[in-house]
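Hi,

Here is the model I promised to send over.

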Amino acid sequence: MAFLADIQKLMKRNRFIGYGIPFLVILVGGSLALKQFAQLRYTFRKKRLLSPEEAEAAGIKLKPPDERLTIEKEYEKIQNMDLDSWVNVRGPRPWEPSENTDINEKKRT
């Protein structure tokens with residue numbers, strides 16, 4: 001008991017012992033704990049991809065290679081879009097009834 005009383009007196013006299021050391025322990029301990037949790041992410045990650053045969057065996061249906069989405073196909077779709085003629089339509093606010101926005105839409109067309 002006397003030992004604990006001595007520690008309490010020391011903590012009251014010296015602020016670094018009362019506040020600084022616990023702060024540093026939490027800071028360093030938290031950093032080390034975070035490192036361990038982040039390491040779990042890489043330890044248990046699957047490192048290989050499924051082949052099309054393995055995917056079919058697992059019951060996953062893949063599109064044929066000619067129907068798959070590619071960057072080039074998306075770029076062609078964007079090139080064909082008309083981006084110059086568009087209308088900015090105001091969405092309904094939560095406190096407004098939806099009829100007001102429907103009326104505004106009809107007025108524009």
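Below is what turned up, going from the whole chain down to single side chains.

Some housekeeping: this is a predicted model, so local features need pLDDT of at least 70 and side-chain atom pairs count only at pLDDT 80 or more, while totals for chains, interfaces and linings use all residues. Residues are numbered from 1 along each chain as its sequence is written, and side-chain values use heavy atoms, with hydrogens and water left out.

On confidence, pLDDT is the predictor's own score for each residue, from 0 to 100. The protein chain averages 83, and 88% of the residues score at least 70. Helices (H or I, at least four residues) and strands (E, at least two) are DSSP runs, numbered from the N terminus. Of the 109 residues, 4% are buried, where buried means under 20% relative accessible area, exposed over 50%, and partly exposed in between (1.4 Å probe, protein chains only). The chain exposes about 11100 Å², with carbon and sulfur atoms supplying 62% of that; areas come from the Shrake-Rupley method with a 1.4 Å probe, and for residues only the protein chains shown count as cover.

Helix 1 (residues 2-13) has 0 of its 12 residues buried, so it lies largely in the open.

Helix 2 has 29 residues and reaches 42 Å from first C-alpha to last, close to the expected 42 Å (1.5 Å times one less than the number of residues). Asn-14 caps its N-terminal end, with a side-chain oxygen 3.2 Å from the backbone nitrogen of Phe-16. Phe-16 also belongs to a nonpolar surface patch with Ile-21, Phe-23, Leu-24, Val-25, Leu-27, Val-28 and Leu-32, about 780 Å² of accessible area together. Patches take residues with over 30% relative accessible area and no salt bridge, joining like charges within 9 Å and nonpolar side chains (Val, Leu, Ile, Met, Phe, Trp, Tyr) within 5 Å. Leu-24, in helix 2 (residues 15-43), counts as partly exposed at 42%.

Finally, the whole structure holds 1 salt bridge (a side-chain nitrogen of Lys or Arg within 4 Å of a carboxyl oxygen of Asp or Glu). It pairs Lys-77 with Glu-74 at 3.1 Å, N to O. Both sit in helix 4 (residues 71-80), 3 residues apart, about one turn of the helix.

Cheers

Methods. A polar contact is a pair of N or O atoms within 3.5 Å; within protein, one must be able to donate a hydrogen and the other to accept it, and residues adjacent in sequence count only if both atoms are side-chain atoms.
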